[in-house]
Amino acid sequence: MEKKRLGTSRGQCRWTAFIVPFILLWSEASAQIRYSVAEEVKEGTVVGNIAKDLGLEKSTLKERGCRIVEGSAESFFHVNQNDGILYLDRIIDREKVCERGNVCLINLKTVLENPLEIHYVTVEVLDVNDHSPTFSTKESRLEISESVLPGLRLQLQAAHDPDVGQFSVQEYKLSQNDHFRLEVKDRGKDGKIPILVLLKTLDRETKNRHTLLLTAIDGGKPSQSGTAEISVDVLDINDNMPVFDQDTYSVLLEENAPIGTTIIQVNASDIDEGSNGEVMYSLGNNVNSRIREMFRVDANTGEIIVQDLIDFELEESYEIDIQASDKGAAPLRTDKSVLVNIVDLNDNTPDIEITSFSRAIPEDARIGTTVALINVLDKDSGVNGKVICSFNEDLPFILSPSTQDNMYSIVTKSRLDREKQSIYDVTIVAKDAGVPSLSSKKSLTIVVSDVNDNSPEFSGSPYTYYVTENNSPGASVFSVRASDRDEGDNSRILYHIFRDGKEKNKLNSFSLNINSENGDILALKSFDFETLKTFQFQVVATDSGTPSLSSNVTVNVFILDQNDNAPVILYPVSSNGSAEGVEEIPRNVNAGHLVTKVRAYDADIGYNGWLLFSLQEVTDHSLFGLDRYTGQIRTLRSFTETDEAQHKLVILVKDNGNVSLSATATVIVKVVEPKEAFAASDVKSATMDEEDNNVTFYLMITLGSVSTLFLISIIVLIAMQCSKSTDYTSKYLQEPNYDGTLCHSIQYRSGEKRYMLVGPRMSVGSTIVPGSHANTLMLPDRRHTSEEVRYIV
């Protein structure tokens, strides 16, 4: 213990604090320190150095928000966050702060954050001798019969000193006399009681009144004192005192007993006759005012009755002095103490005090992180003051008890996820062990702050879009959208297109751009179906958190065909900008003879590339017929002598687009006599024999190669079909006599459906809008047998 004396208490004297630090460790997050300070010291007195006693760095005190939290409304102290020193804010009057008890303690809590810690500080207020002993009455009178034998003991009024310990009343002195002496009885917490003892018999005829001076002295240095005058009147004979029927009286009384309850009845008797033997009861002279407020005694019956609220938490026991006196001319009195022990009842609910973080707890906090500290106070004692805390629902937190009674810490028991729950309204239930049990509740809001733990998520994966060719450059063609379950900057998303060397080569014929804020994708050039039918690229979404998270999605784009290509005539061969051919046929051919076949193709697909043939101009409609789909020109009847030798046929070839495009071909048919036809045939054969001899060899090699490749392809296809877990059956729409524009098919998938396009010159990359009026065959998915199967031709 360290003491510093600056002066004395009164006048020109001053006291400073007696600083006594004791540090008791409590778990990992708290410690207890004890200081002492004398009452009446001036404001600003240093009480102790909390930072030094706890081993804390001064530089961290303000950063961690060091502060004092007191249990009462009054504040006597504050801690300087710069140096960690505890200062006195105002003068303390110990007698006002602590009315009862020898030890006066003020409990403080020092709170530190990041991490959250509580350190308990107990300041003992030391008493100084600033009060003198005083008697409630300066003069008192006693009556003693002259017949009373020596040895009579009379309890005198005790002096009161608000100071405690050595500064309270320590001794009594009686003025010099021949008939009386003074004894002092130590009553423990009730102090010392002066007792007047008769040394020898009084003689009223010699002296009928004795005046004594009683002096009470405390233990201060220098000591202080108070006096009272005692007058003893000598009475005539009443030689028997009342006698109580028990040597000691003791009783148990439950707190909160109803007013008017009789605690006990004392009984005293006097063997004298008449008024000298009639006994009356009263409270003793030394009974303090508080006991007089709480209890009264019936003067005639001796019943001690409750007349105010009994509270165990204020006082656990009472010692009541009862005085029995007779009614003689010179009444005799006898004093007896009644000990009343108060029985504690469970009449106080627990009081919950929460010290929590001033900020939100991050969702990535590790398991076992302290969120708040709980201190529960119950004024009851024993099992009635034993408290158990719990939550009223399942939470990702637990209440961890401390080594100190009724202290808990709220810690995380599992990982937090702000995206699932960002605020927890925690209700703490404190229940004592009394019978019946009492409980209380207190709510605490725990806020979970966001960390960047979620990557952006696209609304679809992969994306599939259909874009019509010849789109406007610079216009938005489609968009992608991503969302992020985080908040703030952690959820703000920026988009960009992933590009590498391979992608740049693939997209060298056009370019794309994306709006980084909203994901809208713009085509900077027009698409050409005949050049590019489908392509694929990736979009990357990145959030703005630290560190940032990203995800990507594949975008499949199919170019849709428009009817922007006119049919091209393959036969007859075009020359000088027009297609015109000459055919010679014998006059003796029968009806149905194949004259020639007009061949054409269209770069478009589907309906846009589906060609129809029609005779736009013919010299004789009854002689020649044109197949609408194949372009074959056949004779409708046999030639007659009257038929002309030369006929001109103009064939119109047009596609089936919404806005149809067309081309024309002219065929000149010459009708010759059979001899001429055979001669012409022989000439053609002679001229072609030489060519056929050269071609035959190459044709054989070609046919062999094609046959070999065909067999290999069949084997590969069979192996691929066998390796597939799901069997898809392709169906083709065929025209039995269709050998005009070549019929092709292609399959492709959109979502959960498969489509087959049928039409002239269809390639693997060709596709059209599903559901359009085009040559589309939707294939059934064998995995979903209940799905409707539609064939669109």
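The legends below describe close-up views of strands in a predicted model.

**View 1. Strand 13 and its covering.** Strand 13 spans residues 192-198. Six of its seven residues are buried, so the strand is mostly covered; buried here means under 20% relative accessible area.

**View 2. Strand 13 beside strand 10.** Strand 10, made of residues 153-155, runs antiparallel to strand 13. Three bridges join the two strands.

View 3. Strand 12 covers residues 180-186 and is joined to strand 13 by seven bridges. These two strands also run antiparallel. Val184 stands opposite Pro194 of strand 13. Five residues lie between the strands of the hairpin, and Gly188 takes a positive phi near 70°.

View 4. Strands in a sheet pair through backbone hydrogen bonds, in either a parallel or an antiparallel way. In this sheet the order of the strands is 17-24-23-20, and the pairing is mixed. Strand 17 (249-254) and strand 20 (279-283) are the edge strands, each pairing on one side only. On average, neighbouring strands of the sheet are turned by 30° against each other, with direction ignored.

**View 5. Strand 17 beside strand 24.** Strand 24 consists of residues 333-343 and pairs with strand 17 in the parallel sense. Six bridges make up this pairing. Within strand 24, Ile342 stands opposite Leu253.

Notes:
Residues are numbered from 1 along each chain as its sequence is written. This is a predicted model: local features need pLDDT of at least 70, side-chain atom pairs count only at pLDDT 80 or more; totals for chains, interfaces and linings use all residues. Side-chain values use heavy atoms; hydrogens and water are left out. Buried means under 20% relative accessible area, exposed over 50%, partly exposed in between (1.4 Å probe, protein chains only). Helices (H or I, at least four residues) and strands (E, at least two) are DSSP runs, numbered from the N terminus. Two strands pair if DSSP finds at least two bridges between them. Axes are lines fitted to C-alpha atoms, for helices over the stretch in contact, and angles run from 0 to 180 degrees between N-to-C directions.
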